[in-house]
Amino acid sequence: VSKDPNTDAFLVILTPQAMTDSTATAEVMKNYAKLNGKPVLASWMGGNDVANGVSILNAAGIPTFPYPDTAARQFVYMYRYTYNLRGLYETPQSEEVHADESDRRVKAEAILQKALDEGREILTEFESKELLSAYGIPVVKTVIAADAESAAARAREMGYPVVLKLYSETITHKSDVGGVKLNLQDEAAVRRAFEDILEGVTKAGVTVQPMIRLDGYELIVGSSLDPQFGPVLLFGSGGTLVEVYKDRGLALPPLTSTLARRMMEQTRIYEALKGVRGRRSVDFDALEQLLVRFSRLVAELRRIKETDITPLLVSESRMVALDARVVLHPASVADADLPHLAIRAYPTRYVAKWTSRTGMELLLRPIRPEDEPLMVKMHQTLSERTVYLRYLQTLKLDQRIAHELLQRVCFNDYDRELT
């Protein structure tokens, strides 16, 4: 059985019966503690009656369990642990790092600070979309209109059909108060919608957006706080029934492209995104990078308490955030008291341009897991002397570019070390 490629582990079960010698069976069993590198587990049932056999198995390195279901559960834990480690250390898809990464953070923090200075803990929809745009997340064009005349003018410039939404600094769930009007086809419809939205509402206006028609899927991407782990990311089916379906995957920021894909794989909508009923697959690479950028937003802007993009419309050719919500920790919470990430974010503050004495411009930055392919290319150019001075021994190229070695160089815990 151990030679069968379809088996990954073994569970040997013994139940005490009149003709069963549990000790002798364990003596035979201990010779098979290691079978082609596949783990062997045992369930010696019977308590004190099989104690001698259990001791023999344990001494041979075979873990024993009083019940088979407990052993099976332990195997699942082992599998999940390995699965998670492989996800962490799998080489993610590369994304170019720019020197202006710190600039985007400055722009984003200015948006948050403006709201806090005004005594607000909720960003407007317009501000929320500005925040997403700063991190390279595509959003639908949105303009603000304070009265019906300007709403009609903006709609003409944009082209019909359009969508009008309540623009408020206090109301976040606009659809709950009739604050969303869709598929407005002309100026008269825009003016009526404006009056309907603002009926009974003070100190508010509307946003005007083009009506987006995508033969795709509505998704939700969000973040909320966990008492133990700090910010936790969410991905899943979106739309008005998001709280009914509860189809979601969770992950800790910041993400790599591999971890983003793992989070998507936890959901049922993931299979649909591959293409069903004649639809083509969505661009998973682009969706992964969107999730990576969203995770950086959450990781770098710790003043954000919770945020979500819903709906995020995704099709085979396009993805766009139609609405966004951002809630902040109040200004009374000091920066030092903001919840910490379970995993420290990439330290963008160390990304900087540098010019050599010969005038060559270079970009200096901490290493990333995505850099492993670049490390492989670099090793292909090294002389034997360089290798010896670095490793104090002669290493062949295939040894130097092995994933097991490079992962220790490229995969840093930024809270402990930098390369």
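These exercises work through the fold, size and cores of one predicted protein model. Local features need pLDDT of at least 70, side-chain atom pairs count only at pLDDT 80 or more, and totals for chains, interfaces and linings use all residues. Residues are numbered from 1 along each chain as its sequence is written, and side-chain values use heavy atoms, with hydrogens and water left out.

**Exercise 1. Describe the overall build.**

Find how many helices and strands the protein chain has.

- Step 1. Apply the rule: helices are DSSP runs of H or I with at least four residues, and strands are runs of E with at least two.

**Exercise 2. Check the size.**

State the radius of gyration of the protein chain.

- Step 1. Take it over C-alpha atoms; the globule rule is 2.2 Å times the number of residues to the power 0.38.
- Step 2. For 419 residues, a compact globule would come out near 22 Å.
- Step 3. The protein chain has 28 Å.

**Exercise 3. Look inside.**

Find what share of the residues is buried, then locate the nonpolar cores.

- Step 1. Buried means under 20% relative accessible area (1.4 Å probe, protein chains only).
- Step 2. Buried residues make up 43% of the 419.
- Step 3. A nonpolar core joins buried Ala, Val, Leu, Ile, Met, Phe, Trp, Tyr and Cys residues through side-chain atoms within 4.5 Å.
- Step 4. The largest has 45 residues, and L131 and F235 have the most contacts inside it.
- Step 5. Helix α11 (residues 284-300) gives the most to this core, eight residues.
- Step 6. Another core lies apart from it, with 17 residues, including A151 and I197.

Technical notes. Buried < 20%, exposed > 50% of the residue type's maximum accessible area, 1.4 Å probe, protein only.
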